[in-house]
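Okay everyone, thanks for coming.

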Amino acid sequence: MSILINRDTKVLVQGITSELGKKLAEKMIHEGTNIVGGITPGKGGEWVLDGRIPIFDSLKTAIETTEAEATIVIVPPKSAADAIYEGIDIAIPLIVCITEGLPIQDMMRIKYLMKEKDTILIGPNSPGIYSPGETMLGIIPEITAVKGNVGILSRSDTLAYEVMYELSKYGIGISTFIGIGADPIIGFEFSDLLPFFDEDPNTEKMILLGEIGGEFEEAAANYISRHFSKPVLALIVGKSAPANSILGHAGAIITNNCGSAQRKIDVLRDAGVVIADTPEDIPELIKKI
Amino acid sequence: MKLHEYQSKKLFNQIGIPIPRNKIIQRTENVGHIFNQFGGTVLLKAQVLTGGRAKAGGIRLARTEYEAENITAFLLNSKIHDHPINKVMIEELIDFNEGYSVGIYFDRRNGIPELRGSPSTKFWQREKTYRSPLLDTFSLGIDPIIGIHTYKIRELAVSIGLEKRYWDNFIFIVEKMWDLFTRYDALMVEINPLAVKKENGLIPLGVKIEVDDNSLFRQPEIEEFIDTTAYTAQENEAHKLGFSYLKLDGEIGCLVNGAGLAMATIDMIQYFGGHPANFLDIGSGASAFKAAAGMRILSEDNQTKVILINIFGGLTLCDQIAEGIITQLESANISQPLIVRMAGNHSENGKKLLEKMGVQITDTVQEAVRFCINYIGGNK
């Protein structure tokens, strides 16, 4: 079993008719994900992927027909906010947003609106959710991750792939991986998702992959020290970053001494988290905790 | 994206916030004429995108036409913190009593906009207490959906000790600042100082606007403000290709796919005692063309003594990157030694291609990093 989704979860794809949308839908089906439909306004009534997947004009009609419980947003930045609002308004339980480059003011409004809603939003700028051998909701490539009992939460996608690969070399497998997204404002943060891993019987140990900027890691440390029952290992990247420069991810920036790697490492260590210095140290360390 | 002062002031003016009269010049020809037009005694302000401009001599007072011409000519031939001065703003001098500061900022911690203000230093002198201006910043959260309430602006006016007779003027200005913030997808709209003029009324003297890079697709007016002269050739090239690139002060050039992995790579260089020359993320799903372009950016930087390429094949396919590396090696004369670490999708094939070309390959990032550090160490 995976967190948030499983093989039976009915999933919709917002933006299914683009090249990327089609390619990813195909990939997700291949990984065992139950894709039941796609949304592209203006193309409702048509079918894609060799006539296997129906297209709808709106999320509303798609949900009425398919009773889907999750949606993945793969649309350009200019329409991504609208696609997310559609999901929030119809109260779909889970939205995963892959789109990179959503304007910050759009996310300010979405995050504010979400406070009073029950929808879980993963992303934007997230690679998605992945349980090896089970299901994949996102853009996670076929990498050599194996099924196991380590949960992973990460802000970065490529760093997480690297870590899963390193772990697989040692035969260490993954229960569920969730990429929370690399933007300054995201839906569910580390501290919102840790409770799911705490309750998950398949997760025995936890890895947090954090980076400079913001305070998601600090909030996670606070949650871990007070509530989390499983051992946690963390790697924080951006230790060598100069202040006030964005390092690739819109969210990776140190401003006014806030968001530095050292501060995050200190508070996580105080919360009892084991800190890895490099990705290649992780397999040895995770065996010990 | 930070806007130049003259760009920010243009937007302030357009939205209806009165600002001091100004003219932008790139040559000294008209300086005398403008000096007289503004009634004598002007400020000359270098338009550069760097902090500490006043301290570095980028804001100067000119009392005579002759002074104005001389200083302008001098500024146009100088640099501030390595930024060339291409434009100078000539601004009328405003006689003022005291200056407050007020701004609307993206508050990352709470994920909402925040209204912030500080009292003038004069105000605290009046109260006969001294406090650091930073400690006296008052802030109020703004509902990003509803917008800014007038009563909150009034609350701020009270907190910063603004006299009652200026409240309406203050509310007018802050409401317009909110219009600027939302209309231009800003992350910051700031006035410092907001001056109380001798002859009554408030006027912004220094203003700053920073716009969200992600919003440029719907901000054509701001996109036109991009000043390519403010960046190095490498930075402009990287920007065009959609890379994220940052120059650092070491010698080990690195090219990585994905920002998180790139951060981890420069951290490892530092951890093992080396110094990265740059941060370069060529993005996920990068092509052979992009790999070649990335290598060109690194090799053209004289500070780069050795090149480390770290690719984890996910959406990016390692053999395509290998092809890009080979194209670049064949077409350009790359003087720096190169080491490549590849893992993940299509890495076996990628490594084979590189081996044929005699390129050094490692399996772990650590080995690659150590190779670079040893190389630098041996060449010092």
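Let's start with a word we need: a residue is buried if 20 or more other C-beta atoms lie within 10 Å of its own, exposed if 12 or fewer, and partly exposed in between, with C-beta atoms placed from the backbone. By that rule, 42% of the 380 residues of chain B count as buried.

Now some housekeeping. This is a predicted model, where local features need pLDDT of at least 70 and side-chain atom pairs count only at pLDDT 80 or more, while totals for chains, interfaces and linings use all residues. Residues are numbered from 1 along each chain as its sequence is written, and chains are lettered from A and ligands numbered from 1 in the order in which they are written.

Chain B, then. Its C-alpha atoms fill a box of roughly 80 × 50 × 40 Å, taken along the principal axes. You'll find 13 helices and 18 strands in chain B; these are DSSP runs, helices being H or I with at least four residues and strands E with at least two, numbered from the N terminus. An automatic or database domain assignment gives chain B domain 1 (20-92), domain 2 (96-223) and domain 3 (231-378). Between domain 2 and domain 3 of chain B, the C-alpha centres lie 44 Å apart.

Over to chain A, which has an open sheet of 7 strands in the order 3-4-2-1-5-6-7, with mixed pairing. Two strands pair if DSSP finds at least two bridges between them. Which strands stand at the edges of the sheet? Strand 3 (47-48) and strand 7 (120-122) of chain A do, and each has a single partner strand, so one side of each is left without a neighbour in the sheet.

Further in, strand 5 (residues 70-73) and strand 6 (residues 94-97) of chain A run parallel, joined by 4 bridges. Look for Ile72(A), which stands opposite Val96(A) in strand 6 of chain A.

Last stop: where the chains meet. Contact here is two residues with C-beta atoms, placed from the backbone, within 7 Å. Chain B puts in 44 residues and chain A 46. On chain B's side, several elements supply at least two residues each, among them strand 8 (112-118) and helix 13 (365-378). Which element gives the largest share of that side? Helix 9 of chain B, with 11 residues. By class, the side of chain B that touches chain A has 22 nonpolar, 15 polar and 7 charged residues. Nonpolar covers Ala, Val, Leu, Ile, Met, Phe, Trp, Tyr, Cys and Pro; charged is Asp, Glu, Lys and Arg; the others, Gly among them, are polar.
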